[in-house]
Amino acid sequence: GGGGGGGGVGKALKDAKRKGGAIRSRATPGVDVDASGNVVMRDDDDGDDDEEEEEDEEAAKKKKKLSAMASSAIEKEKDRRAKRAADAAPNVDENGWFSLKTNTSVYVDGLPDDATADEVKEVFQKCGVIKLDPDTSLPKIKLYADKATGAFKGDGLVTYLKEPSVALATTILDGTPFRVGMGTNMSVTAAKFQMKGDAYVKKQRGSKKAKRAAIAKQESALGWGGFDDTKDRKKTTAILKRMFTLDEMFSDPKFREELQEDVEAEAAKFGAVETVKVFTTNPDGAVSVRFKDPAAAEACVKAMRGRWFGGSRLEAALWDGVTNYATAGMRADESEAEMQARLDRFGASLEEEGGGGG
């Protein structure tokens, strides 16, 4: 073995002198010979090092891109929370009175001293479904009493499930008697509220899940087709899942818009479409399609269920009337710190994927 190696170097030396330059010895790996006959050891892994550096650069680029995606998702979530808080805050006048941006309550005056909540319900439910208190399951009817004596003052508050009932009640019931032949008439106006303290604080009562369940149960009472809502959204809304992944959603700024256009075009084959909503942060890749006609929604669900789209097998069903796909994966009552921690975990998971992909 040693003699063969020496012959290889000697031949390489002769070739180097003949060619006037350095060559690489094929017979002896790791050895170079320059034109002067000097034997120089070389590192045969130079090429491998270059490849590893390129791979590291690609991994770093991918990690940076995914980190930017995570940051974008966090900022979008913060903006959504800020907008929701701004929409919930009322406009307060100089006297501390304010009207809710979405008001479903009416203020009633001129009630008889012996009026009961059950009587008030009988009169006012003509204009819509009265909201139930999620904690007590009783109609949200408040009859005001004098703080000093505890006696009923003759006024109160009635809260409906839907906002249009307020306009109907103020039109139909205002100026009419609470009881036939009682001689006096009621005053029914859209409710206003007075600020207590220097800041508006949203009242927290019960769990959000219980509240949503109570509202969903009440909305089933709207099937009579009254003024509140002439359509049952559960029958006209199709939910499609596995339409996208979070990586797809946040890797391309135009992805959401293009997906929405594709879904609208496909859904139109089943009937008139009212709205298509892509729930960008939903981990199940959910999209809702609301049709004008229940038959169209059913046809869409039947055709899309089990269909392949973008390499994934779709799930399709009519909306259950309760699930909020925009907040899937998050608690509705989570704090700002909890929300930030959840988004940070989401961003970290994307970065981990980027590190593994190199």
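**Reading a pocket and a loop residue**

Author: Of the 358 residues in the protein chain of this predicted model, 31% are buried. The chain holds 10 helices and 16 strands. Its accessible surface comes to about 21,700 Å², with 50% belonging to carbon and sulfur atoms.

Reader: What share of the contacts with a separation of 6 or more joins residues 24 or more positions apart?

Author: Such pairs account for 63% of those contacts in the protein chain.

Reader: How is a pocket to be read, and what volume does the second largest pocket have?

Author: Rolling a probe the size of a water molecule over the atoms shows where empty space is left. Here, the second largest pocket has a volume of about 440 Å³.

Reader: Which residues lie nearest the centre of the second largest pocket, and which element supplies the largest share of its lining?

Author: The lining consists of 22 residues, and Lys76, Phe250, Arg256, Thr280 and Thr281 lie nearest the centre. Helix H2 (46-88) gives the largest share, 8 residues. At least two residues each come from H2, helix H7 (246-251), helix H8 (255-267) and strand E12 (273-278).

Reader: Where is Asp284 placed, and is Asp284 buried, partly exposed or exposed?

Author: Asp284 sits in the loop between E12 and strand E13 (287-291). Its relative accessibility is 31%, so Asp284 counts as partly exposed, given that this class lies between 20% and 50%.

Reader: Which residues does Asp284 touch, leaving aside those up to four places away in sequence?

Author: Asp284 touches Lys241, Arg242 and Met243. Asp284 and Arg242 are 42 residues apart along the chain, yet their C-alpha atoms are separated by 5.7 Å.

Technical notes:
Residues numbered from 1 in each chain as written. Predicted model: local features only at pLDDT ≥ 70, side-chain atom pairs only at ≥ 80, totals over all residues. Heavy atoms only, no water. 1 Å grid on protein atoms, 1.4 Å probe; cavity = no way out; pocket = protein on both sides within 12 Å on 5 of 7 lines; lining within 4 Å. Points joined across faces, edges and corners; volume = space filled by probe spheres on them. Helix = DSSP H or I, 4+ residues; strand = E, 2+ residues; numbered from the N terminus. Buried < 20%, exposed > 50% of the residue type's maximum accessible area, 1.4 Å probe, protein only. Contact = heavy atoms within 4.5 Å. Areas by Shrake-Rupley, 256 points an atom, 1.4 Å probe, with all protein chains shown as cover.
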